[in-house]
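Dear colleague,

I am writing to hand over a structure for your study. Please look through the sequence and the coordinates before you read my notes.

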Amino acid sequence: MQTSTTRQTATITGSRSKDPIAVQLLLIALTFLFFAGFIFMPLALVFSQALQKGVQLYLDSIREPYALEAVKLTLITAAIVVPLNAVFGVTAAWAISKFSFKGKTLLVSLLDLPFAVSPVIAGLIFVLLVGSRTPFGSWLGEHGIKIIFSTPGIVIATLFVTFPFVARELIPLMESQGREEEEAAITLGARGWQVFRIITLPNIRWGLMYGMILCTARSIGEFGAVSVVSGHIRGMTNTIPLHVEILYSEYNYTASFAVASILVFLALTTVAIKGAVEKHVHNNQ
Amino acid sequence: MNMTLFKGKQRKILPGFGLSMGYTVFYLSAIVLVPLSTIVISAFGMNPETFFGAISSPRVLASYRLSVSTALLASLFDAVAGFLTAWTLVRYRFPGRRILDALVDLPFALPTAVAGICFATLYSPVGWLGQFLAKINMELINKPSGIVIALIFIGFPFVVRTVQPVIAELEPEIEESAQSLGANRWQTFRKILLPHLFPALLTGITLAFARGIGEYGSVIFIAGNLPFKTEIAPLMIMTKLDQFDYNGASAVAFVLLLISFTMLILLNGVQRWQQKAYQ
């Protein structure tokens, strides 16, 4: 990257480009213009709308019982979904990266399937599978188990939507690390779990952490899939994004943006952590 | 890369293949494959007349047309904006570059409902941007163009993040040698850079498009959801579900899935082509 600094045609400090300064300035200006309209303005708008009627109303909106219930349900969902998908991600990455077998390419593409499915369809499939009008769903209903329009439905739909995140981070990482270290440990007499704990886990911890952060962010913010399976029951099956929608459709814009600002804050944190993790991984290489 | 060395009839030294593979297949089936199969079962299980009746009703056809055309327009816009951003971020050094680079991922991280209410408010006739458009009698709210705005936001990181690494690997020397051989800037761009970046660009466009036709949360607030005019296909599924028309919802969903998967398979082809281009 830094070889360019030795170039004599230093343009704007340290650019690795010979484009004329006018072109550079024009393209940089255009980039900022795009960001202004599509990134900065929406961010600024959320906080300006949320605080429009004062800090007191802002705090009241996010402390109101229904909002707190929504936060609680969202956190419960994430607390179930993220560990399950993380365990799966590590397991799948172990199988795929440490062994060769037939059908690997197919398996890897199947893992990505949920990304190609519309969130609404992600909700619909669970209504078709366990909704009260299906044979399986009505059988469950007779035994007092309700999935759709209740918390378990929100959890499975979120599991589906966030399914690939951890596996997707870990597979390329573990493939690039190969398996010599683990094989050496086994040859020296280490046991399977020891190898995983002492060798593999420290090697993948940044990728694992980043995958789990993405998984958390998406499980907190998922809207379409959860919207289909939730039934929008206030104080019962309302997550934070659904609560934002309800407030907005009731023309309660200030409260809606106040609750949305929590999500914006989380999104910015995710993006910042991503930057930090990438920098760390980059420095380690 | 190490994998190729070990291919062949090498004995498995590492433990846990059976367990990890078994759990992977079980979990994948339980969470993804079995639930997804309900759409296929439902679509093939219903009376063909019901199926074709549902997907060929004028309102549903209008929603497919709208979803495909807005997603296509948005992904083409993203191709330009994403290429520009990736180029600027990789090649130039300027204050704020790192922050911009990090914020490229915001559309991935921001819940779609929040993006939805933001754009609906920004472009409302009294909104920060909408008030200027109102003066020139232009309105984006409740119009297909509003949907395009939301989808541009959603698809943007896909293009940047696929094109950015390819530009980073591109040695500026290639362009320099082209120019020293007498090519002008435009020729260098068209004959040298574009062919090299095209596969990555196409991948980005396809990903943005595939995401765009299924997108729901960010679109419904700005779209106004007027039948025949601004109803996207995922919303049609939602509407049919609200009316307990499960067959109709499955039929519409089946076709939408078919479009997405076709895009994915095409993308796979593009990626193979891309790999070949680098060999």
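This is a predicted model: local features need pLDDT of at least 70, side-chain atom pairs count only at pLDDT 80 or more; totals for chains, interfaces and linings use all residues.

**Chain B as a whole**

Chain B contains 14 helices and zero strands. The C-alpha trace of chain B spans about 70 × 65 × 30 Å along its principal axes. Chain B has 279 residues, of which 44% count as buried. If one takes the contacts in chain B between residues at least 6 apart in sequence, 77% of them join residues at least 24 apart.

**The two domains of chain A**

Chain A is divided into domain 1 (21-50) and domain 2 (55-284). The centres of these two domains of chain A, taken over C-alpha atoms, are separated by 30 Å. Five residues from domain 1 of chain A and eight residues from domain 2 of chain A take part in the contact. On the side of domain 1 of chain A that touches domain 2 of chain A, four residues are nonpolar, one is polar and none is charged.

**Where the chains meet**

How many residues of each chain are in contact with the other chain? In chain B there are 72 such residues, and they are in contact with 75 residues of chain A. Helix H2 (residues 17-45) of chain B gives the most to the side of chain B that touches chain A, with 14 residues. By class, that side of chain B has 52 nonpolar, 14 polar and six charged residues.

Two packed helices are described by the angle between their axes and the distance between the axes. Helix H1 (residues 21-50) of chain A packs with helix H7 (residues 112-122) of chain B at an angle of about 85°, and their axes are 10 Å apart. The angle makes H1(A) roughly perpendicular to H7(B). From H1(A), the contact is made by A:Met41, A:Pro42, A:Leu45, A:Val46 and A:Gln49. From H7(B), the contact is made by B:Val114, B:Ala115, B:Cys118, B:Phe119, B:Thr121 and B:Leu122. By class, the contact of H1(A) with H7(B) has nine nonpolar, two polar and no charged residues.

**The largest nonpolar core**

The largest nonpolar core has 154 residues, and those that touch the most other members are A:Ile121, A:Leu124, B:Val114 and B:Ile222. Domain 1 (21-50) and domain 2 (55-284) of chain A both give residues to this core, so the core lies between them. Leaving out residues up to four places away in sequence, A:Leu124 touches A:Val228, B:Ile237, B:Leu241, B:Ala249 and B:Ala253.

**Single residues to look at**

Is A:Arg218 buried or exposed? A:Arg218 is buried, because 21 other C-beta atoms lie within 10 Å and the cut-off for a buried residue is 20 or more. A:Arg218 has its place in helix H10 (residues 192-221) of chain A. The C-alpha atoms of A:Arg218 and A:Ala78 are separated by 9.0 Å, although these residues are 140 residues apart along the chain. Neighbours within four places in sequence aside, A:Arg218 is in contact with A:Val161, A:Thr162 and A:Phe165.

A:Tyr251 lies in the loop between helix H12 (240-249) and helix H13 (253-284) of chain A. Its phi is near 65°, a positive value in a residue other than glycine. A:Tyr251 is exposed, with 7 other C-beta atoms within 10 Å.

B:Asn137 likewise is not a glycine and has a positive phi, of about 55°. B:Asn137 lies in the loop between helix H8 (130-135) and helix H9 (144-169) of chain B. B:Asn137 is exposed, with 6 other C-beta atoms within 10 Å.

B:Asn142 also has its place in the loop between H8 and H9 of chain B. B:Asn142 is partly exposed, with 16 other C-beta atoms within 10 Å. The C-alpha atoms of B:Asn142 and B:Asn225, 83 residues apart along the chain, are separated by 7.0 Å. Beyond four places in sequence, B:Asn142 is in contact with B:Ala223, B:Gly224, B:Leu226 and B:Thr230.

With kind regards

Terms used:
Residues are numbered from 1 along each chain as its sequence is written. Chains are lettered from A and ligands numbered from 1 in the order in which they are written. Helices (H or I, at least four residues) and strands (E, at least two) are DSSP runs, numbered from the N terminus. A residue is buried if 20 or more other C-beta atoms lie within 10 Å of its own, exposed if 12 or fewer, and partly exposed in between; C-beta atoms are placed from the backbone. Two residues are in contact if their C-beta atoms, placed from the backbone, lie within 7 Å. A nonpolar core is a set of buried Ala, Val, Leu, Ile, Met, Phe, Trp, Tyr and Cys residues joined through C-beta atoms within 7 Å. Domain bounds come from an automatic or database domain assignment. Ala, Val, Leu, Ile, Met, Phe, Trp, Tyr, Cys and Pro count as nonpolar, Asp, Glu, Lys and Arg as charged, and the others, Gly among them, as polar. Axes are lines fitted to C-alpha atoms, for helices over the stretch in contact, and angles run from 0 to 180 degrees between N-to-C directions. Angles under 35 degrees count as roughly parallel, over 145 as roughly antiparallel, 65 to 115 as roughly perpendicular and the rest as oblique.
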